[in-house]
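I opened a new notebook page for this structure.

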Amino acid sequence: MTKSFLPEFVLIIVKYPFLTEAGKYLNDKGFSLEQFGTDPDLKKIVENAFERITTASEGRIFKSDLSSNNSALPLEIFSFLIAVILLKLSGMNTLIRRFSLAEARRAEKFLEKDLMNNQDAMKAKLSLQILHELFSVNVQRIDQGFTILIHDYLKHSINFHEREWKLINRKVIDGRVQLTSHETVRLVRKELDRHIYTKINSSSSPEMIPGFENYVEKLKQLAKKFEVKTVESKEFPPCIKHAIEVLEKGENLPHSGRFM
């Protein structure tokens, strides 16, 4: 992907801030983390980052104004990066998991829209490129739909149990499975969630940044709302044990698991 920070590329990393280029953008602007904690003009970005985390903790998707001439676009990029810093400083894994899922759902909406963009070929091409580079899925467009190879479909649909996702119920031509734009992106949601979660977890944990203490303490208090008391599960069947383990990790259960 291009490393140029032209306005149209800024818009791209606003939509997909988990891309490597987002971090490079912060470095390109010359800001240090310490500035975000002490500079009154940058405090709005830290507050925005905190709101981004709390919104995710409630299961909602952070909304963005993506007007191409919007001077607030850099704030959107920085808010994601600072949110990651706040999460690392808090050490609250439950919040990290909720945040990564919400950001995956947010990016999913942009990916689906970009895939079907008939007016801007660059956006459509980039969305295909993201699917290929991040998830090794080779997607091809046909008319108003898309196709992927059977083995890619089986690899990514393994976590779906609804009948419509079974290969026998899909239209297959020349070894490729036909999908809508929504199905194409939905297929990689779990991987996208995992990609963002792994990227956050693998990033280094900084020392406490002056000015961030209050936000970090609030996040620690927020995380307590989602604590799951440890349950003695030795008398439960394996499926129930697994569901309890998932909850204790702060992960989301599928509908069938919640029903149990």
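The entries below go from the whole chain down to single residues.

**Ground rules.** I am working with a predicted model, where local features need pLDDT of at least 70, side-chain atom pairs count only at pLDDT 80 or more, and totals for chains, interfaces and linings use all residues. Residues are numbered from 1 along each chain as its sequence is written, and side-chain values use heavy atoms, leaving out hydrogens and water.

**Whole chain.** I looked up the secondary structure and found 13 helices and four strands. Helices (H or I, at least four residues) and strands (E, at least two) are DSSP runs, numbered from the N terminus. Next came burial: 44% of the 260 residues in the protein chain count as buried. Buried means under 20% relative accessible area, exposed over 50%, and partly exposed in between (1.4 Å probe, protein chains only). I then checked contacts, meaning heavy atoms within 4.5 Å. Among those between residues at least 6 apart in sequence, 68% join residues at least 24 apart.

**The sheet.** In what order do the four strands of the open sheet lie? I read β1-β2-β4-β3, with antiparallel pairing. Two strands pair if DSSP finds at least two bridges between them. The edge strands are β1 (140-142) and β3 (172-173), each pairing on one side only. Strand β2 (residues 145-149) runs antiparallel to β4, and four bridges join them. There I found F146 opposite L179 of β4. On its other pairing, β4 (residues 176-179) meets β3 over two bridges, also in the antiparallel sense. V172 has V177 of β4 as its bridge partner, and I173 has R176.

**The hairpin turn.** β3 and β4 form a hairpin with two residues between them. I stopped at D174, which lies in the loop between β3 and β4. D174 has a positive phi of about 55°, although it is not a glycine. Is D174 buried or exposed? Its relative accessibility is 76%, so D174 counts as exposed.

**Another positive phi.** I also noted S136, in the loop between α7 (121-135) and β1. Its phi is near 55°, a positive value in a residue other than glycine.

**Helix α5.** I checked the length of α5 (residues 73-90). The expected span of a helix is 1.5 Å times one less than its number of residues. For the 18 residues of α5 that gives 26 Å, and the end C-alpha atoms are 26 Å apart, which agrees. Of these 18 residues, 17 are buried, so α5 is largely enclosed by the rest of the structure. G91 follows α5 and has a positive phi, near 70°.

**α4 against α11.** Helix α4 (residues 43-57) packs with helix α11 (residues 213-223) at an angle of about 5°, with axes 11 Å apart. That makes α4 roughly parallel to α11. I listed the contact residues: K43, V46, E47, F50, I53, T54 and S57 from α4, and Y215, K218, L219 and L222 from α11. They divide into six nonpolar, two polar and three charged.

**I61.** This residue lies in the loop between α4 and α5. Leaving aside neighbours within four places in sequence, I61 is in contact with T55, A102, R105, R106 and K109. I61 and A107 are 46 residues apart in sequence, but 9.7 Å apart in space, C-alpha to C-alpha.

Notes: Axes are lines fitted to C-alpha atoms, for helices over the stretch in contact, and angles run from 0 to 180 degrees between N-to-C directions. Angles under 35 degrees count as roughly parallel, over 145 as roughly antiparallel, 65 to 115 as roughly perpendicular and the rest as oblique. Ala, Val, Leu, Ile, Met, Phe, Trp, Tyr, Cys and Pro count as nonpolar, Asp, Glu, Lys and Arg as charged, and the others, Gly among them, as polar.
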